[in-house]
Amino acid sequence: MDRIIMKNMGFFGYHGVLEEEKTLGQKFFVDVELYLDLKKAGKSDDLKDTVSYADVYEMIQRIFQEKKLNLIETVAELICNQILNDYPVIQEVNVRLKKPEAPVAGIYDYFGVELRRKRNG
C-alpha cells in the first residue's frame, strides 16, 4: 500500500500526568504515515485525488492546542481516530508520538508511543 509520510512534526502541548506539565507545557514530536492508494493522484496530478498533508498537520496541531490530556497514549489515539474519521480514503494510519522532555531523571532522547490503526470493514 502507498504511504504519505509526515516526519518529526513539532508541537507544543500541555499533556502529562504532573500538574507542571499541564501548566508549563512542553515539546512533542509526531511522525505519521497515512496508508492509501495514490495511483489516481499520481496520474491526475490533482490534490482532490489524495489527502492534503497540510490539512492533516493542522488537525494534529488543533489536538495539541485544544486538549490537556494525561497520557500520550490518549493523544496518539485521538490523532489516529480523527484521521480515519475525517479521511475515508485512508485505510490505515501509523502514529509515533515522542515526548523528549518527559519529567524523568536520566539521559534519553525521548519517551513515546506508536499506534497503528486500520479502518474497520
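How many of the 121 residues of the protein, in percent, count as buried? I find 40%, where buried means under 20% relative accessible area with a 1.4 Å probe and protein chains only.

I note that this is a predicted model, in which local features need pLDDT of at least 70 and side-chain atom pairs count only at pLDDT 80 or more, while totals for chains, interfaces and linings use all residues. Residues are numbered from 1 along each chain as its sequence is written, and side-chain values use heavy atoms, with hydrogens and water left out.

Entry on the fold. I looked up the secondary structure and found four helices and four strands, taken as DSSP runs (helices H or I, at least four residues; strands E, at least two) numbered from the N terminus. The order from the N terminus is β-α-β-α-α-α-β-β.

I then listed the contacts (heavy atoms within 4.5 Å) of Val32: leaving out residues up to four places away in sequence, they include Ile60, Ile83 and Val95.

Entry on the helix pair. H3 (residues 53-66) and H4 (residues 72-86) pack at about 140 degrees with axes 10 Å apart; the axes are lines fitted to C-alpha atoms over the stretch in contact, and angles run from 0 to 180 degrees between N-to-C directions. Among the residues that meet are Ile60 and Ile63 in H3 and Ile79 and Ile83 in H4.

Key:
Buried means under 20% relative accessible area, exposed over 50%, partly exposed in between (1.4 Å probe, protein chains only).
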